[in-house]
Amino acid sequence: MTAETHVFLARTDNIGVLLHDPQTGATAAIDAPEEAAVVDALARTGWQLTDILVTHKHADHIDGILPLKQRFPAVRVTAPALERDAIPAVDATVEEGDSVPVGSLTAQVIATPGHTRGHVAYWFAQDRALFAGDTLFSLGCGRLFEADAATMWASLEKLRALPDDTRLFCGHEYTLSNARFALAVDPDNPALQARAAAVEAARREGRLTVPSFLGGEKVQNPFLRADDAAFAARLGLAGQAPAQVFAELRARKDRA
């Protein structure tokens, strides 16, 4: 593992991340929620911004791009091809299967439509780091704005297939509310009970809960378990297709 990361809060509840390559000095911001938070993170680390990797087009993930480009003109903005027209100052576009360099580090692009039609995630395999934007959250997942439940479930399956020791960096600090919902639908899960207690303690002390490990998410996050027949039965959805189970879970979370 060669990459270094720095996680910070932006806006109200956005998670900002800097990914740094110590070999070359290259540093990427994953999304750009706001200029001030990114600049402060750069000052704290002493790193120089070279790249912005955009997961999707929503304003709370791109509002900082233009002012950061004005401040750091050489910064390269990489964004999903399907959402290029909605994202400012794009230098390069990517889609499923493309590779993106950050210095000597390389990300594989994974198309994850659901939250938005063109949403992508960035997977740094060598460093076991996944930047999932608003597709997969710690103990949760994103709302469905531009695709149906089957599409989002397929995106989550792609991410779930990554190794257990993958660090999941998501776009928001939603873990506490996600943990409470997860316990409501899966109250007898001991791994989830322990995780929820740890999350409660972390947030009470003002600590962020990101990143988490994908291996834990696979057994604790209800949205990754829609194809677990026993779990579906406990939800009163025995025999339903995984996409239908996922749709019902997402609908319940939307109403929570």
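Visitor: How many aromatic pairs does a search of the whole structure find?

Guide: This is a predicted model, in which local features need pLDDT of at least 70, side-chain atom pairs count only at pLDDT 80 or more, and totals for chains, interfaces and linings use all residues. Residues are numbered from 1 along each chain as its sequence is written, and side-chain values use heavy atoms, with hydrogens and water left out. Rings of Phe, Tyr and Trp (its six-membered ring) pair if their centres lie within 6.5 Å; planes under 30 degrees apart are stacked, over 60 edge-to-face, the rest tilted. The search of the whole structure gives 6 aromatic pairs.

Visitor: Which kind of pair do Phe-124 and Phe-131 form?

Guide: Their ring centres are 5.8 Å apart. The planes stand at 90 degrees, so the pair is edge-to-face.

Visitor: Are Phe-124 and Phe-131 buried or exposed?

Guide: Buried means under 20% relative accessible area, exposed over 50%, and partly exposed in between (1.4 Å probe, protein chains only). Phe-124 and Phe-131 are both buried.

Visitor: Which residue in strand 8 is the bridge partner of Val-100?

Guide: Strands (E, at least two residues) are DSSP runs, numbered from the N terminus, and two strands pair if DSSP finds at least two bridges between them. Strand 7 (residues 99-102) runs antiparallel to strand 8, joined by 4 bridges. In strand 8, the partner of Val-100 is Ala-107.

Visitor: Why is strand 8 largely enclosed by the rest of the structure?

Guide: Strand 8 covers residues 105-111. It is largely enclosed because, of its 7 residues, the number buried is 5.
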